[in-house]
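Please keep the structure open as you read the points below.

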Amino acid sequence: MEGLTTTKAPFIEKAQKNGERFIHQPYELYSEENHKAWKSLYNRIRERWEKYANPKFLEGVARLNLDSSRVPRIEDINKFLKPLTGFSAKPVSGYIPAYTFFDCLRNRDFPTTITVRDISKLDYLPEPDMFHDVAGHVPMHTDKAFADTLVRFGECAHSASLVIQELKDSEIQKQRAVSIIKAMARFFWFTVEFGLIRSGKELRVYGSGLLSSYGEIEHCLKSPDVQRYPIQLEWAVNQYFEIDHYQPLLFVIDSFDHLYSLVDELEKWVREGRVNSVAPGEPNVSELDLQSFLTAKG
Ligand SMILES: [Fe+2]
């Protein structure tokens, strides 16, 4: 059995070589080891979800009927998800350029990795995998306010592409594009990927990077080494981050309506030129990401 294991999947390598970004989920290719890895990841983290995840996420897990013993079929997930918020998980072969990613969100598609991490590396891997995308992200997409927020991110990217493409001087265009993409990537990171939310007197987790990490979901709420601050848009867009260790700084939102209003504000800032020169530093904006905004069409 060839398997669909992160960085070791011939099916994915072939799709990438052929330039196929959007693919299907060849379910028969999953190995028994892939199913075992999924089962271990899921059953290990379950009890921490109950303790630390926000209630909308827990509702989402129940509403999606996520399979805990085998790798889920994307088709099955979409059958439950689509009627709720119009969102679908859309299998991809790997990295999606920034604009294309946000544009998928605008159309209520969520680019989803279909490979499962190696069973010997359940704790840490730098690449995205299906457990992160499907167990960490997708349950949040069952909530209307959260789903609408993702669409607003897509609309923000669309406004950004129009602002960028209007510029005549190619040097200025490039400099501004890098800054705007950085601002959007940082804001997405500190919310959708690593956000915390107030829930009564406590804090709960809603960021998918935290929801899919057995270690960090507890560390982020319990460790005295983590700084947790009420989110401020101007801070989040200027704050660099590193991806290879637990996050030392996290931002807290009040509700998903609050998050929606912040993305709304960010979209205005993009149009008004307020994120044209954010602080330098991570994340790096690749040529592919840059070109995706420069060449985006309507
Ligand atoms: Fe993610």
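1. Two residues are in contact if their C-beta atoms, placed from the backbone, lie within 7 Å. Helices (H or I, at least four residues) and strands (E, at least two) are DSSP runs, numbered from the N terminus. You are looking at a predicted model, where local features need pLDDT of at least 70 and side-chain atom pairs count only at pLDDT 80 or more, while totals for chains, interfaces and linings use all residues. Residues are numbered from 1 along each chain as its sequence is written.

2. Start with helix α5 (residues 98-106). Of its 9 residues, 7 are buried (20 or more other C-beta atoms within 10 Å of the residue's own, also placed from the backbone), so α5 is largely enclosed by the rest of the structure. Among the buried ones are Tyr99, Phe101, Phe102 and Leu105. The buried residues of α5 pack against β1 (88-92), β2 (109-113), α7, α8 and α13 (287-294). After α5 comes Arg108, with a positive phi near 60°.

3. Which residues touch the most other members of the largest nonpolar core? They are Ala160, Ile180, Met184 and Val205, out of 83 residues. Such a core is a set of buried Ala, Val, Leu, Ile, Met, Phe, Trp, Tyr and Cys residues joined through C-beta atoms within 7 Å. Helix α8 (residues 170-193) gives the largest share of this core, 11 residues. Leaving aside residues up to four places away in sequence, Met184 touches Cys156, Ala157 and Ala160.

4. Next, look at helix α7 (residues 144-166) beside helix α12 (residues 256-272). Their axes (lines fitted to C-alpha atoms over the stretch in contact, with angles from 0 to 180 degrees between N-to-C directions) come within 9 Å and cross at roughly 5°. That makes α7 roughly parallel to α12, a label for angles under 35 degrees. The contact includes Phe146, Arg152 and Ala160 of α7, and Tyr260, Val263 and Glu267 of α12.

5. Finally, the open sheet: 4 strands in the order β4-β3-β6-β5, with mixed pairing. Strands pair if DSSP finds at least two bridges between them. The edge strands are β4 and β5 (227-230), each pairing on one side only. Strands β3 (residues 196-199) and β4 (residues 202-205) pair in the antiparallel sense over 4 bridges, and Arg198 stands opposite Leu203. Their hairpin has 2 residues between the strands, and Gly200 takes a positive phi near 65° there. By contrast, β5 and β6 (residues 249-253) pair in the parallel sense over 4 bridges, with Gln227 opposite Leu249.

Conventions: Parallel < 35°, antiparallel > 145°, perpendicular 65-115°, else oblique. Buried ≥ 20, exposed ≤ 12 C-beta atoms within 10 Å, placed from the backbone.
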